[in-house]
Amino acid sequence: MGQVPIVLLLHGFPKIWYSWRHQILYLAAHGYRAVAPDPRGYRDTTKAPIDDPTKFTTLHVVGDMVALIAALGVDKVFVVGHDWGTMIAWSLCLFRPDKAKALVNLSVHFAPRNPHQKIVEIFCVAYRDDHYICRFQEPGEIEVVFASLGTKKVFEKFLTHRDPDPFHFPKDKPFGALYDTPVILPSWLSEEDVDYYTKKFEQTGFTGGINYYRCFDLKYSGNFLFNMLGKWKESEYSGQSVPVGGLAYYVTAPSQDND
């Protein structure tokens, strides 16, 4: 890969590398190599059994990224995360700061551990049991709901959501009030884009991505990992972060006409 700077782009749920398609082209045009992996459980990435959420802990997914960076033949990368990708990015920079040149996270701020309360419990108390994180916990349950709606409708609802309130999935009406809301695609999202997401998730299903939510509390369970995370409880990240609101991956090379 030479000395070309690499930007590691980490997506969230329910996304794939394709969600970075615009940024990939921009970065390539400005002399960077963009690497957009599909983390374990997503699309073409294999090996991790999707029927076992315990294989999706912080240590597992950070280990995957460390292995990817090594496979790219570099010591450090720029790290950019969105949604669930931010949590992977935060943990990568905490556990292995030697692998990150800089960090930019979108949509999710850093959340240190709370030794007195479980994450899922916090969401269920604050937002009711039909909050999406709470509804995602029972293996197979939300997958049946998504199947009844159809993969394309699920993506249309997720990708056009503009309400600052979180998603809710009442058992009698998936997506709550959004269920009956007409779908209007924004200018940056085409029918072809929705079809691409639909095709990929129809092939692999949603379970792999949902496992990250099912592993929320497991992230902080067990004395080893709990004490490990506690090491950074009062720490300050020395770099700069900008919160603004086999492993398969997509790689670009810089544009040849870039100066």
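Student: What does the accessible surface of the protein chain come to, and what share of it belongs to carbon and sulfur atoms?
Tutor: Keep in mind that this is a predicted model. Its protein chain has an accessible surface of about 13,200 Å². The share that belongs to carbon and sulfur atoms is 54%.

Student: How much of the protein chain do buried residues make up?
Tutor: A residue counts as buried when its relative accessible area is under 20%. The chain has 259 residues, arranged with 10 helices and 5 strands. Of those residues, the buried part is 48%.

Student: Is strand β1 largely enclosed or open?
Tutor: Let's look at residues 6-10, which form β1. Ile-6, Leu-8 and Leu-10 point one way, Val-7 and Leu-9 point the other way, and all are buried. In a regular strand the side chains alternate between the two faces of the sheet. Because 5 of the 5 residues of β1 are buried, the strand is largely enclosed.

Student: Which residue in strand β2 is the bridge partner of Leu-8?
Tutor: β2 covers residues 33-38 and runs parallel to β1, with 3 bridges joining them. The partner of Leu-8 in β2 is Val-35.

Student: And which residue in strand β3 is the bridge partner of Leu-9?
Tutor: Here β1 pairs with β3 (residues 77-82), in the parallel sense, over 4 bridges. Within β3, the partner of Leu-9 is Val-80.

Student: How many residues apart in sequence are the parts that the pair of Phe-158 and Phe-169 ties together?
Tutor: A search of the whole structure finds 37 aromatic pairs. In this one the rings are tilted, 6.3 Å centre to centre with 55° between the planes. Phe-158 lies in helix α7 and Phe-169 in the loop between α7 and α8, so the pair ties together parts whose separation is 11 residues.

Student: Are Phe-158 and Phe-169 buried or exposed?
Tutor: The cut-off for buried is under 20% relative accessible area. Phe-158 has 10%, and Phe-169 has 1%. Therefore Phe-158 counts as buried, and Phe-169 also counts as buried.

Definitions and conventions. Residues are numbered from 1 along each chain as its sequence is written. This is a predicted model: local features need pLDDT of at least 70, side-chain atom pairs count only at pLDDT 80 or more; totals for chains, interfaces and linings use all residues. Side-chain values use heavy atoms; hydrogens and water are left out. Rings of Phe, Tyr and Trp (its six-membered ring) pair if their centres lie within 6.5 Å; planes under 30 degrees apart count as stacked, over 60 as edge-to-face and the rest as tilted. Helices (H or I, at least four residues) and strands (E, at least two) are DSSP runs, numbered from the N terminus. Buried means under 20% relative accessible area, exposed over 50%, partly exposed in between (1.4 Å probe, protein chains only). Accessible areas come from the Shrake-Rupley method with a 1.4 Å probe; for residues, only the protein chains shown count as cover. Two strands pair if DSSP finds at least two bridges between them.
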